[in-house]
Amino acid sequence: MKKIILPILFAFTAAASGQVIETVIVQEPLTEGWVKVYRDGNIGYIDDMGQEVIPPVYDEIGRFGDYCGSMAIVKKENLFGLIDVDGNPVTDVIYDEIGKPGEYNSDWILVKFDGLYGFIDCSGIVVVEPAYTQVEIKRGKLKTN
C-alpha cells in the first residue's frame, strides 16, 4: 500500500505547487568547442578539430565577448592587451590596466600605460594618448535658472 500512496502523493504535491518549467534559449559562447590548453605555464586554446586557435603564450585570457563584442583581454608578464576571437592581437600587450568599454564614453576603453591614463577604441586605435594621472567622469544634470 505504501508503494502506491507515495507516487500518488508525489504527483499531487507537484501539481498543487503550480511549478512552471520555463525553457530559455541562450546564445552559445564564442568559444564553444574550444579546449583550454597549457604549455610551459601559459594558456591558449585549440578548437574541436585539434587546431591551435589561440597559441599558449598568455598568462591569462579573459572571456571572449566582454570587450567590443568578440574580444578578450589577455595578460602576459603583468601587462594587458586585447585579442579577437581569431587570436589576432587588437592591441599589443603593453598596458598596465585596461578598463571596460563604455565606462567613460560609449566608444572608448580606458587604458593605463607607463602610469598614465588614456583611451583606445574597439579597434585598438589610441583615441586619447595616455597623458593623464587621473580620469574622473562627472555625471549630473546641468542646472538652469
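Among contacts in the protein chain between residues at least 6 apart in sequence, what percentage join residues at least 24 apart? In this predicted model, the share of such contacts that join residues at least 24 apart is 19%. The protein chain holds one helix and ten strands, and, read from the N terminus, its elements follow the order α-β-β-β-β-β-β-β-β-β-β. Of the 145 residues in the protein chain, 26% are buried, while the chain exposes about 10700 Å², of which carbon and sulfur atoms supply 54%.

**The sheet of β4, β5 and β6**

- Three strands make up an open sheet in the order β4-β5-β6, with antiparallel pairing; β4 and β6 each have a single partner strand and stand at the edges, so one side of each is left without a neighbour in the sheet.
- Two bridges join β4 to β5 in the antiparallel sense, and across this pairing isoleucine 61 stands opposite valine 74 in β5.
- Between β5 and β6 there are five bridges, again with the strands antiparallel; here lysine 75 stands opposite phenylalanine 80 in β6, and lysine 76 has leucine 79 in β6 as its bridge partner.
- The hairpin of β5 and β6 has two residues between the strands, and in this hairpin glutamate 77 takes a positive phi near 50 degrees.
- Strand β5 is mostly covered, in that four of its five residues are buried.

**The sheet of β7 to β10**

- Four strands form an open sheet whose order is β7-β8-β9-β10 and whose pairing is antiparallel; because β7 and β10 (126-132) stand at the edges with a single partner strand each, one side of each is left without a neighbour in the sheet.
- Strand β8 is joined by five bridges to strand β9 (residues 116-120), and the two run antiparallel; within this pairing, lysine 112 finds its bridge partner in tyrosine 117 of β9.
- Three bridges connect β9 to β10, which also run antiparallel, and isoleucine 120 stands opposite valine 126 in β10.
- Five residues lie between β9 and β10 in the hairpin that these strands form, and glycine 124 in the turn has a positive phi of about 90 degrees.

**Nonpolar cores**

- The largest nonpolar core comprises eleven residues, namely Trp34, Ile43, Tyr45, Val53, Ile54, Tyr58, Ile61, Phe64, Ala72, Val74 and Ile83.
- Strands β2, β3 (52-58) and β5 each supply at least two residues of this core, and the largest share, three residues, comes from β3.
- Apart from this core lies another, of nine residues, which include Tyr67, Leu82, Ile109 and Val111.
- Once neighbours within four places in sequence are left aside, tyrosine 45 is in contact with Trp34, Val35, Lys36, Val37, Gln51, Glu52, Val53, Ile54, Ile61 and Phe64.

**Aromatic pairs**

- A pair of aromatic rings is described by the distance of the centres and the angle of the planes.
- With ring centres required to lie within 6.5 Å, the count comes to six aromatic pairs.
- Tyrosine 95 counts as buried because its relative accessibility is 5%, below the 20% cut-off, whereas phenylalanine 113, at 30% relative accessibility, counts as partly exposed.
- Ring pairs also link Trp34, Tyr45 and Phe64 into a cluster, and these three residues are among the members of the largest nonpolar core.

How values were computed:
Residues are numbered from 1 along each chain as its sequence is written. This is a predicted model: local features need pLDDT of at least 70, side-chain atom pairs count only at pLDDT 80 or more; totals for chains, interfaces and linings use all residues. Side-chain values use heavy atoms; hydrogens and water are left out. Rings of Phe, Tyr and Trp (its six-membered ring) pair if their centres lie within 6.5 Å; planes under 30 degrees apart count as stacked, over 60 as edge-to-face and the rest as tilted. Buried means under 20% relative accessible area, exposed over 50%, partly exposed in between (1.4 Å probe, protein chains only). Two strands pair if DSSP finds at least two bridges between them. Contact means heavy atoms within 4.5 Å. Accessible areas come from the Shrake-Rupley method with a 1.4 Å probe; for residues, only the protein chains shown count as cover. A nonpolar core is a set of buried Ala, Val, Leu, Ile, Met, Phe, Trp, Tyr and Cys residues joined through side-chain atoms within 4.5 Å.
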